[in-house]
Amino acid sequence: MLERTGLVEGNASAEEVVVAYHERTKHHFHRYAASLGYMDWATQPDPFRRYVGADLVRLPLPKAGRPLPYWQLYTNPSVPPMSLSLVSVSLFFRYSLSLTAWKQVGDTTWPLRANPSSGNLHPTEGYAVLPALDQIGATAAVYHYAPREHALERRALLDEKRWAELTESFPEGSFLVGLSSVHWREAWKYGERAFRYCQHDVGHALASLRIAAAALGWSLVLLDSVSDDTLSCLLGLDRDEDFAAAEREKADLLVLISPDLPASLPTESKPLTAHGSGLLWQGMANTLSPENSVEWPAIEAVAQATLRCESSPIKEDFSGFPSEDELFGTPIRQGLLTAERAILGRRSCVAMDGTTAISRAAFFRMLARLVPTQERRAMPWDAIPWRPRIHIGLFVHRIDGLAPGIYALARDPDKVDNLKKVMHSEFCWQRVPDCPPGLPLYLLQEGDCRALATTVSCGQDIAGDGAFSLAMIADYMDSLATYGSGFYRNLFWEAGMVGQLLYLEAEESGIRATGIGCYFDDPVHAAFGIVSREWQSFYHFTVGGPVEDSRLTTLPAYNFEEEQ
Ligand SMILES: Cc1cc2nc3c(=O)[nH]c(=O)nc-3n(C[C@H](O)[C@H](O)[C@H](O)COP(=O)(O)O)c2cc1C
């Protein structure tokens with residue numbers, strides 16, 4: 001583990017292990033974080049987990065699209081909730097975790113999904129605990145979602161008594177969805193830094209789930225007090241007998257989805273304990289790599305140090321946050337893009353054109369989406385209970401009417417002073433003219449920062465060739481001190497959620513965005529003048545005009561059903 005490296009003592013606290021892992025997995029100009037350094041094709045993991053022998057419930061794939069406008073995703077109460085059924089469960093997974101295209105070059109094809117993933121390796125697995133539903137199952141059950149088939153694998157049946165106990169504190173019509181990670185899928189390519197990427201991917205998937213729920217008129221909240229052990233047990237991830245030699249999954253999070261959640265959320269996680277034991281499970285997990293996987297003890301160590309125990313749910317006050325009117329100026333209630341096209345059409349790009357500019361209005365709108373509102377916190381921020389811990393350092397290249405330079409968005413308005421203190425003292429912290437009054441956006445320093453943005457993003461041109469790129473700066477040590485070492489994962493989740501919104505907002509503006517997990521950590525801090533270890537960059541992103549790769553052919557994700 002980490003003590004073998006001399007970074008921590010044998011009796012190091014969980015927080016010390018987290019900090020040591022974070023330091024150890026930084027990319028530096030002179031040295032990247034440890035990885036194999038080449039692609040070992042012999043151990044390439046299968047991106048699709050299957051439970052061999054489990055019943056497969058195929059979900060319908062209608063061709064016809066749904067007309068819900070994209071902007072309406074953010075005005076959730078105005079979308080009438082769909083009833084829970086085969087059709088709505090199918091749409092929910094289609095919008096959150098399904099395949100959205102196959103790409104082809106020559107004889108090689110590969111799938112892409114609604115949720116993005118570092119290196120397209122897809123470590124995140126999805127599970128659902130559903131009530132008895134016509135054409136899905138005669139009793140409540142635990143399912144694994146199989147994206148290649150767009151189907152549910154029935155892992156375990158829950159009798160009526162268990163289902164009633166499990167859901168007694170939840171509103172009528174609720175169900176649960178869990179996420180887990182196969183760390184090996186990312187570690188295969190990225191080595192020790194892979195734990196970070198797995199958590200980013202969980203954050204993207206969490207936002208995808210929230211957005212999918214919003215498209216169906218449903219609410220979704222993270223059940224943040226549930227322990228990882230409870231979740232493993234509920235999802236059957238702790239069952240040695242079903243995994244044998246197959247690569248294990250680590251439980252990440254559980255969400256509650258409901259057509260109508262009361263303002264005060266269920267706080268009781270007790271009914272969830274031990275609900276996996278005593279059930280009849282079916283299916284054996286497939287082995288993902290044909291040969292033995294390489295072990296990365298640093299990942300095991302940080303996974304152990306960030307294990308979540310049962311806790312009280314986080315409750316925080318958002319009354320000081322801006323209202324929707326203050327944040328957007330005029331709230332957005334129009335647009336031609338449908339939610340479905342934004343969700344299913346979302347795509348990263350491998351190159352940006354270095355010329356496309358966006359309007360200030362579009363820029364302000366994108367940033368406003370990243371800030372929770374005072375009333376109902378605004379989708380998707382209503383899914384997580386903590387105040388923003390991720391703030392944004394921006395490299396602005398081409399926004400019409402806005403000087404190029406370095407900017408900052410404090411996603412929690414109360415943190416402006418803290419950010420001022422930790423960043424370069426010569427930054428000017430000027431409010432941006434014409435910016436909506438509630439948007440905490442500041443100019444720090446004018447100037448062409450294209451080369452700087454590219455350099456700190458591991459030399460990736462997409463960071464300098466976009467309209468803007470950004471570093472997500474976490475209020476790191478204070479978060480660990482406040483919520484415990486397990487919250488290290490939540491910081492990446494929050495960053496992933498920010499990224500998922502940027503992806504969809506780029507679709508809305510007719511451009512593209514791309515997540516950037518490869519950046520040089522300390523040089524990013526130096527760019528903002530951050531010396532203290534208390535604040536750390538957790539993710540990068542770029543947004544701009546894409547250069548399409550004309551060698552690629554796009555094929556449909558599935559054989560869709562013709563309308564009757
Ligand atoms: C956490 C994360 C980190 C990523 N890092 C990079 C990166 O450093 N450079 C890059 O070009 N793309 C990066 N991507 C984009 C992925 O390569 C992309 O999501 C994946 O190939 C799937 O394509 P899609 O987003 O179009 O579905 C990243 C994506 C995620 C989610």
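Predicted model: local features only at pLDDT ≥ 70, side-chain atom pairs only at ≥ 80, totals over all residues.
Colleague: Why is threonine 43 called buried?

Modeller: Threonine 43 has a relative accessible area of 3%, and buried means under 20%, so threonine 43 is buried. Threonine 43 belongs to the loop between H1 and strand S1 (51-52). Leaving out residues up to four places away in sequence, threonine 43 touches Trp184, Trp188, Ser289, Pro290, Glu291 and Asn292.

Colleague: Is arginine 377 buried or exposed, and how do you know that?

Modeller: Its relative accessibility is 19%. The limit for buried is under 20%, so arginine 377 counts as buried. Arginine 377 is in the loop between H11 and S12.

Colleague: What else is there to say about arginine 377?

Modeller: The phi of arginine 377 is positive, about 70°, although this residue is not a glycine. Arginine 377 also lies over the face of phenylalanine 318, at 5.0 Å from the ring centre. A charge over a ring has to be within 6 Å of the ring centre, so the distance of 5.0 Å meets that part of the rule. Another case is arginine 193, whose charged end sits over the ring of tyrosine 519, 4.8 Å from its centre.

Colleague: Why is asparagine 120 called partly exposed?

Modeller: Asparagine 120 has a relative accessible area of 25%. Buried is under 20% and exposed is over 50%, so a value of 25% falls in between and asparagine 120 is partly exposed. Its place is the loop between strand S4 (108-113) and strand S5 (124-130). Asparagine 120 has a phi near 55°, a positive value in a residue other than glycine.

Colleague: Why is the pair of phenylalanine 395 and phenylalanine 528 called tilted?

Modeller: A search of the whole structure finds 29 aromatic pairs. In the pair you name, the ring centres are 5.5 Å apart and the planes stand at 45°. Centres within 6.5 Å make a pair, and planes under 30 degrees apart would be stacked, over 60 edge-to-face, so this pair is tilted. The pair links distant parts of the chain, with phenylalanine 395 in strand S12 and phenylalanine 528 in helix H17 (residues 521-528), 133 residues apart. Both phenylalanine 395 and phenylalanine 528 are buried.

Colleague: Which residues do ring pairs link into a cluster?

Modeller: The cluster holds Tyr21, Phe195, Tyr476, Tyr488, Phe492 and Phe538. Tyr21 is also one of the buried residues of helix H1 (residues 14-24), together with Val17, Val18, Ala20 and His22. The cover over the buried residues of H1 includes helix H5 (194-215), helix H8 (297-305) and strand S18 (535-544).

Colleague: What makes S4 and strand S19 (553-555) edge strands?

Modeller: The sheet is open, with three strands in the order S4-S3-S19 and antiparallel pairing. S4 and S19 each have a single partner strand, so one side of each is left without a neighbour in the sheet. From one strand to the next the twist averages 30°.

Colleague: How do you know that strand S3 (residues 99-105) pairs with S4 and with S19?

Modeller: Two strands need at least two bridges to pair. Six bridges join S3 to S4, and three bridges join S3 to S19, so both meet the requirement. In the second, tryptophan 102 has leucine 555 as its bridge partner. S3 and S4 also form a hairpin with two residues between them, and glycine 106 in the turn has a positive phi of about 55°.

Colleague: Which residues touch the most other members of the largest nonpolar core?

Modeller: They are Phe92, Phe363, Leu394 and Leu441, in a core of 130 residues. Helix H16 (residues 487-508) gives the most to this core, with 13 residues. As for phenylalanine 92, its contacts beyond four places in sequence include Phe175, Val177, Leu209, Trp218 and Ile257.

Terms used: Residues numbered from 1 in each chain as written. Heavy atoms only, no water. Core = buried A, V, L, I, M, F, W, Y, C linked by side-chain atoms within 4.5 Å. Buried < 20%, exposed > 50% of the residue type's maximum accessible area, 1.4 Å probe, protein only. Helix = DSSP H or I, 4+ residues; strand = E, 2+ residues; numbered from the N terminus. Contact = heavy atoms within 4.5 Å. Phe/Tyr/Trp six-rings, centres within 6.5 Å; stacked < 30°, edge-to-face > 60°. Lys NZ or Arg CZ within 6 Å of the ring centre and 35° of its normal. Axes fitted to C-alpha atoms, helices over the stretch in contact; angles between N-to-C directions.
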